[in-house]
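Let's take a walk through this chain together. Have the sequence and the 3D view open side by side as you read.

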Amino acid sequence: MMKKCNVCNLTESKYRCPKCRILYCSVTCYKTHKDNSCEEFKQPEETILRNTTINGSSLITKEVEPGELTDEELDVEDKVSQEKLSLLENSQKIKDMLLNKHLQRVLKTIDEKDSEQELEAAMKLPLFVEFANECLKLVDD
């Protein structure tokens, strides 16, 4: 189930702020949000217990520091199923787009620098927006 953009509250959100995790629908809403109220996401301060499988059967519970939470424990709603990920892997259109050297450089820069500025700059490039939208079409409900 899609949720509304937390900035404009008009359309369904397509993205999540990498810094604070708020939902937004467009570059315009992202810029508005960033200029007004973006703060680093803080995990809960309390100790969390995590069940762990050992040797495929036994479960133990261990204390986990808040900073050690897995993505799964943080936010299940942002997960993409393995089935939908395979749609990306098998999409000829995605494969064709990834042949573009410029897109390869953009994706590599985002991955290597892992910075909000790189992602923001990429979101201004029609090529990247087209690629991101195609990926979202395949995995989005």
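How are α5 and α7 oriented relative to each other? Before we get to that, a word on what you are looking at: this is a predicted model, in which local features need pLDDT of at least 70 and side-chain atom pairs count only at pLDDT 80 or more, while totals for chains, interfaces and linings use all residues. Residues are numbered from 1 along each chain as its sequence is written, and side-chain values use heavy atoms, with hydrogens and water left out.

Now to the question. Helix α5 spans residues 101–113, and it packs with α7 at an angle of about 80°, the two axes being 10 Å apart. Axes here are lines fitted to C-alpha atoms, for helices over the stretch in contact, and angles run from 0 to 180 degrees between N-to-C directions. The two helices, α5 and α7, are therefore roughly perpendicular to each other. On the α5 side you will find H102, L103, V106, L107 and I110, which meet L127, F128 and F131 of α7; contact means heavy atoms within 4.5 Å. By type, the residues of this α5–α7 contact are seven nonpolar, one polar and no charged. In this scheme Ala, Val, Leu, Ile, Met, Phe, Trp, Tyr, Cys and Pro are nonpolar, Asp, Glu, Lys and Arg are charged, and the others, Gly among them, are polar.

Helix α7 (residues 126–139) also packs with helix α3 (residues 82–90), at an angle of about 140° and with axes 8 Å apart. That angle makes α3 oblique to α7. Look next at the side chains: K84, L87 and L88 of α3 meet C135, L138 and V139 of α7. Five of the residues in the contact of α3 with α7 are nonpolar, none is polar and one is charged.

Stepping back, the chain holds seven helices and four strands, arranged along the sequence as β-β-α-β-β-α-α-α-α-α-α. Both kinds of element are DSSP runs numbered from the N terminus: helices are H or I with at least four residues, strands are E with at least two. Of the 141 residues, 23% are buried, where buried means under 20% relative accessible area, exposed over 50% and partly exposed in between, with a 1.4 Å probe and protein chains only.

A few single residues are worth a visit. E120 sits in helix α6 (residues 116–122) and is buried, with a relative accessible area of 17%. Apart from neighbours within four places in sequence, E120 is in contact with Y30 and K34.

K3 and L23 are 20 residues apart in sequence, and their C-alpha atoms are 7.9 Å apart in space.

Finally, turn to the backbone. N9, also in the segment before β1, has a phi near 55°, a positive value in a residue other than glycine. N9 is exposed, with a relative accessible area of 51%. R21, in the loop between β1 and β2 (23–24), has a positive phi too, near 75°, and R21 counts as partly exposed at 22% relative accessibility.

Key
Parallel < 35°, antiparallel > 145°, perpendicular 65-115°, else oblique.
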